[in-house]
Amino acid sequence: MKKRLHSQNRKILVLDLVTMTIAYGLALVVRFGGIGQLVGWQLQMYTSIYILEMLIYIVLNVALDRHRKKQVSIARQDPLDVATYVLRVQFLELVLLTAALGVSRMMMQASRRFMLYNFALCLVLVIIEREAYRVHRRRKAALEPAQIHYLLVTTRNEVRAVVQSLKDMADQGGQLDAILLVGDDGRVLKNTEKTCCNLPVLEDLGTVQEEAGKVPFVEAFVCLPTFSDEGKARVIGKLADAGIDSALSLTLQHDAISKQMIHTVGSYQAAVFTSMRTRCRIFGIRYSVTNVEAAVIYIKSHVKRLAGEYLCFSNVHTSVLARQNESYRNVQNSSAFTFPDGSPIALIEAQRGYPGASKVSGPDFMEAMFRQTCDGSLSHYFYGSTPDTIELLRKRLPEQFPGIRIAGMESPPFRKLTKEEDEAAILRMNESGADIIWIGLGAPKQEEWMYEHKDKLNGLMCGVGAGFNFHAGNIRRAPVWMQRTGLEWLYRIFQDPKRLIGRYVKSNLAFFYYYVKDREWRNKPE
């Protein structure tokens, strides 16, 4: 119940932020006639005020939710409860925002009438939005199905990677209750371990029937990517004999087919495989239009042909750098593929006529590639970051992705290497036989390094920056809901405010400025 309430609160917070963004834009229209009427310094100032307002609102909601003694679903509240809560939060936000602007001296330049319009519009529109959501939840509550309980059926080598992939199941109304491990021949193993991934492991097929009486399994999720069709059918048949329905994961040549790749074609459901030819030019960068899972399947199947090439994952910060620096833009465009590692970039791709556009971040690409290569089909080399991070990766990756083949790991000195040192590093990587070489030197250094080493290495280079830290565990990823709503940058700021807040504010303002200024943004795609 608590998980569902937390999920509901997150959805309401996202709706509030969208509503407040609309209110902020309306206030600008009412006071100034629109964003286009603002001069350069005003545009920067009101963008900074907007970012500060959103940050304060998020912090206030999180703090109030944590200190609330009793969590109550919005469907059980009445309109007065909704209005009272919104009024309290909006008033506190106005006080904190005014104090922050006073300290930064922006209050002397900001329009008092605009601040009043913004407060009034936010108050009214958020109350209306929350009341509409309350009514929607009350109507939907009677129609919501019971939570689905799943039994995971997979192999010992696949289990950790599959559980990791199912981490957002709770948000979809599902719950993973137990695991049944099967052998490579399709026979159910008599397992000695009691738990795996914090879930109970059933001892044999007989206990499935016993557990089904205790826990109402609705379905068994069968994920056996390395099995033949006959082997999968044999497992599903045994589950049917035990009275358990099965949901079989879709795979092609051991690669899992994700929901991102499923399209409706007439009356059929089909998996769409990208040719990776579609490009969208933004700030002069030729971005590939795809999604994480489709990109991984393509790269995995073409990794030999791509040997010596490199991949870039360009976010708001690096796209602004490329817009300002022609040399760095050439580095981005000399890659085999440059992916949009930022929700704003993917959103603009979609707005410009590419409905399948999606964010492809370095850490997500790494995780999907690790999952798809747990069978040892490709080997990995890690070059970058600190010695401590490398050691954490060396320990954690085999635990999280059993079967992953690591060809080598090294942390280079934090200085420019001599010619001899660089040649020795190239030799080590080539002699390792690595298919994929992960580069974690930070942007823009890693992209420039890959450009200089193009065609010198026998593997495909991937510049993933902080991806090393995320998978080592010394930096936590933002919750899934923040990743999906484009707020991961905010989570990163709270982790390292001293280093990131200046860079993010500057980059976001510059991104928005170039978005408005550049004519190419207003044109249809090439």
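In this predicted model, Thr 318 touches Phe 313, Tyr 328, Gln 332 and Ala 443, leaving aside residues up to four places away in sequence. Thr 318 sits in helix α9, and its relative accessibility of 2% makes it buried, because the cut-off for that class is under 20%. One of its partners, Ala 443, leads on to a further local feature: a cis peptide bond joins Ala 443 to Pro 444, with omega at about 0°. Pro 444 itself belongs to the loop between β17 (436–440) and α15 (445–452).

Helix α9 also takes part in a helix pair. Two packed helices are described by the angle between their axes and by the distance between those axes. Helix α9 (residues 316–324) packs with helix α19 (residues 497–517) at an angle of about 55°, and the axes are 9 Å apart. That angle makes α9 oblique to α19, and the crossing is left-handed. On the α9 side, the residues that meet α19 are Val 316, His 317, Ser 319, Val 320, Arg 323 and Gln 324. Their counterparts in α19 are Arg 503, Ser 507, Asn 508, Ala 510, Phe 511 and Tyr 514. Sorted by class, this contact has 5 nonpolar, 5 polar and 2 charged residues.

A second pair can be described in the same terms. The axes of helix α8 (residues 292–301) and helix α12 (residues 362–372) come within 9 Å and cross at roughly 55°. Helix α8 is therefore oblique to α12. The crossing of α8 and α12 is right-handed, whereas that of α9 and α19 is left-handed. From α8, the contact draws on Val 292, Glu 293, Ala 295, Val 296, Ile 297, Ile 299 and Lys 300. From α12, it draws on Asp 364, Phe 365, Ala 368, Met 369, Arg 371 and Gln 372. The residues of the α8 contact with α12 divide into 8 nonpolar, 1 polar and 4 charged; the contact of α9 with α19, for its part, has 5 nonpolar, 5 polar and 2 charged residues.

Arg 396 is placed in helix α13 (residues 387–400). With a relative accessible area of 27%, Arg 396 is partly exposed, because this value lies between the 20% and 50% cut-offs. Beyond residues up to four places away in sequence, Arg 396 touches His 471, Ala 472 and Gly 473. Although Arg 396 and Ala 472 are 76 residues apart in sequence, their C-alpha atoms are 6.5 Å apart in space. Arg 396 also places a polar atom of its side chain 3.0 Å from the backbone oxygen of Ala 472.

The loop between β15 (379–384) and α13 holds Ser 385. This residue is not a glycine, yet its phi is positive, at about 60°. Ser 385 has a relative accessible area of 14% and so counts as buried.

Phe 283 is found in the loop between β11 (279–282) and β12 (285–288). Its relative accessible area is 1%, so Phe 283 is buried.

Definitions and conventions: Residues numbered from 1 in each chain as written. Predicted model: local features only at pLDDT ≥ 70, side-chain atom pairs only at ≥ 80, totals over all residues. Heavy atoms only, no water. Helix = DSSP H or I, 4+ residues; strand = E, 2+ residues; numbered from the N terminus. Buried < 20%, exposed > 50% of the residue type's maximum accessible area, 1.4 Å probe, protein only. Contact = heavy atoms within 4.5 Å. Polar contact = N/O pair within 3.5 Å; in protein donor to acceptor, adjacent residues only side chain to side chain. Axes fitted to C-alpha atoms, helices over the stretch in contact; angles between N-to-C directions. Parallel < 35°, antiparallel > 145°, perpendicular 65-115°, else oblique. Left-handed = near helix turned anticlockwise from the far one by under 90°. Nonpolar A, V, L, I, M, F, W, Y, C, P; charged D, E, K, R; others polar.
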